Amino acid sequence: MQHIIEASNRDRAAAHRSDYERLGEQLAQHKVDIEEVVAQAAAFEVAVPSWGLGTGGTRFGRFPGRGEPRDVYEKVEDAAVVHGLTTVTPRLSLHVPWDEPENAPALRAHAAELGLGFDAVNSNTFQDQANQALSYKFGALGHVDADVRRQAVGHILHVMEVGKALGSDAITIWLVDGGNYPGQIHLRKSFERVRDGLAEAYADMPEGWTMLIEHKPFEPAFYATVVADWGSSLMLAQALGERAACLVDLGHHLPKTNVEQVVARLVAAGKLGGLHFNDSKYGDDDLTAGSIKPYQLFLVFNELVDAVRDGALEQPPAYMIDQSHNLKDPIEALLQTVNNLQKAFVRAVLVRRDALTYYQQENDVLMAEETLKSAFEMDVAALVAEVRRRRGGAIDPIAAFRASGYRADKTAERAAAEYAPPQSL
Ligand code: PSV
Ligand code: MN
């Protein structure tokens, strides 16, 4: 891939240089040094979800793409391509058991060879797995039966073991416990059971790990989900202790929720641990981040950049993508996503914070809003491309990927009848 990137960058070098210089001049007029922004932008990294590398689907069907990865080893291979082109996705967030490796140390070594590591691991008590003794049909950690609860805690501990072997240092737990009809679950007691189950898993969490609790208002529970909102998530994180925090998935909010304000509240509580990026029009649509509500994405980053800058956040939360690529080529969708995320982040960096504070103090509503809007409207594509170029990535990752013929090569290779997964070595 490296020689393709170089060739692709050579073709674009002159046009890119002039775009970058023009942006530098524009920023200089506002007394902003483009080099400083490039340095800050280079700090942005985001994890890729193992499930985002294959074609996703809905409950009505799935239309597989060409040359999809057949197992987690091939997913790692594809993730390395995304990282090679973008240079900012060095970690994979693995779902267990969807992408559980037979041999975690071997997978870790394979990933390391390709320059990748592992981000938070994700547990799954939302589906029954083959050979599972007890069903999660009526819940897992919140189930009325203590044996089911024990099994669910056991699964979470197992996922941590897998994560430990992979070199992860966090687990993300999204629970679907809930009910479809009033009366089905005891609203208060189901929450207490979930809290107690999480506390058991938390007590055995490896040293230095963080437990990320992800809330979601509905689906698959259609009447009452136990961990439905940021308030429930925060109560759990506070009950568990210092190493538990909340994860905000941008798609897990009721329509019209002010997501950036949710982010601000969790920062204020010292409990914002991670973000799942995606976008949506109606619900948890898992579309490309920035494709539907780019202003919201920018406003979320605005809160995060502001919080890091004034010390409200000691370090940025864990950034992860959580999308389902049903129609787009998954690698291309990820390249597009990463670019959208970087642009939103850079625009947030460009917000003139002194001016914003001044206008807020003066109750100058219009100018305060314009201060945000003017940063949001900046065309920062060249700056983000320059970050990639300097790190050995592609000025235009999608063009370079298309020029590489990678998908066509993999389509031929992965269609081969005989396949020996590398973990059998
Ligand atoms: C649930 O909708 C979710 O956002 C959780 O993060 C899951 O782990 C992921 O999507 C994959 O289904
Ligand atoms: Mn999520």
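1. Ser 135 sits in the loop that runs between β4 (121-122) and α5 (146-166). Ser 135 counts as partly exposed because it has 13 C-beta neighbours inside 10 Å. The cut-offs: 20 or more other C-beta atoms within 10 Å of a residue's own make it buried, 12 or fewer make it exposed, and partly exposed is in between, with C-beta atoms placed from the backbone. Ser 135 and Ser 190 are 55 residues apart in sequence; their C-alpha atoms are 17 Å apart in space.

2. A word on the source. This is a predicted model, in which local features need pLDDT of at least 70 and side-chain atom pairs count only at pLDDT 80 or more, while totals for chains, interfaces and linings use all residues. Residues are numbered from 1 along each chain as its sequence is written, and chains are lettered from A and ligands numbered from 1 in the order in which they are written.

3. Asn 131 is in the loop between β4 and α5. Its phi is positive, about 65°, although Asn 131 is not a glycine. Asn 131 has 5 C-beta neighbours inside 10 Å, so it counts as exposed.

4. Asp 286 also has a positive phi, near 55°, in a residue other than glycine. It lies in the loop between β10 (272-277) and α9 (294-309). Is Asp 286 buried or exposed? It counts as buried, because 24 C-beta neighbours lie inside 10 Å.

5. Two cis peptide bonds deserve a look. One joins Val 96 and Pro 97, with omega about 10°. Pro 97 is in the loop between β2 (91-93) and α4 (104-113). Another cis bond runs from Glu 219 to Pro 220, with omega near 10°. Pro 220 is in the loop between β7 (210-214) and β8 (224-225).

6. Next, the ligand. Which residues surround ligand 1? They are Trp 51, Asn 122, Trp 174, Glu 214, Lys 216, Asp 249, His 276, Asp 284 and Asp 322. Being near means that the C-beta atom, placed from the backbone, lies within 6 Å of the molecule. By class, this shell has 5 charged, 2 polar and 2 nonpolar residues. Asp, Glu, Lys and Arg count as charged; Ala, Val, Leu, Ile, Met, Phe, Trp, Tyr, Cys and Pro as nonpolar; the others, Gly among them, as polar.

7. The chain as a whole has 15 helices and 11 strands. Its radius of gyration is 22 Å, which agrees with the value near 22 Å for a compact globule of 425 residues. That radius is taken over C-alpha atoms, and the globule rule is 2.2 Å times the number of residues to the power 0.38. Of the 425 residues, 46% count as buried.

8. The largest nonpolar core has 111 residues. Such a core is a set of buried Ala, Val, Leu, Ile, Met, Phe, Trp, Tyr and Cys residues joined through C-beta atoms within 7 Å. Leu 212, Ile 213 and Cys 246 have the most contacts inside this core. Helix α10 (residues 330-349) gives its largest share, 11 residues. Leaving out residues up to four places away in sequence, Leu 212 touches residues including Ala 120, Ile 171, Leu 247 and Ala 318. Two residues are in contact if their C-beta atoms, placed from the backbone, lie within 7 Å.

9. Helix α13 (residues 381-390) is largely enclosed by the rest of the structure, because 8 of its 10 residues are buried. Among them are Leu 383, Val 384, Glu 386 and Arg 388. The buried residues of α13 pack against α1 (2-29), α2 (34-41), α3 and α10. Just after α13, Gly 392 takes a positive phi of about 95°.

10. Beyond its neighbours within four places in sequence, Asp 396 is in contact with Ser 8 and Arg 12.

11. Finally, helix α15 (residues 406-414). Its buried residues are Tyr 406, Arg 407 and Lys 410. Seen down the axis of α15, these fall within an arc of 90°, so they line one face of the helix. The arc is that of the directions from the helix axis to the C-beta atoms. Exposed Ala 408, Asp 409 and Ala 412 are on the face turned away from the buried side. The cover over the buried residues of α15 includes α3 (72-86) and α14 (397-404).

Note on methods: Helix = DSSP H or I, 4+ residues; strand = E, 2+ residues; numbered from the N terminus.
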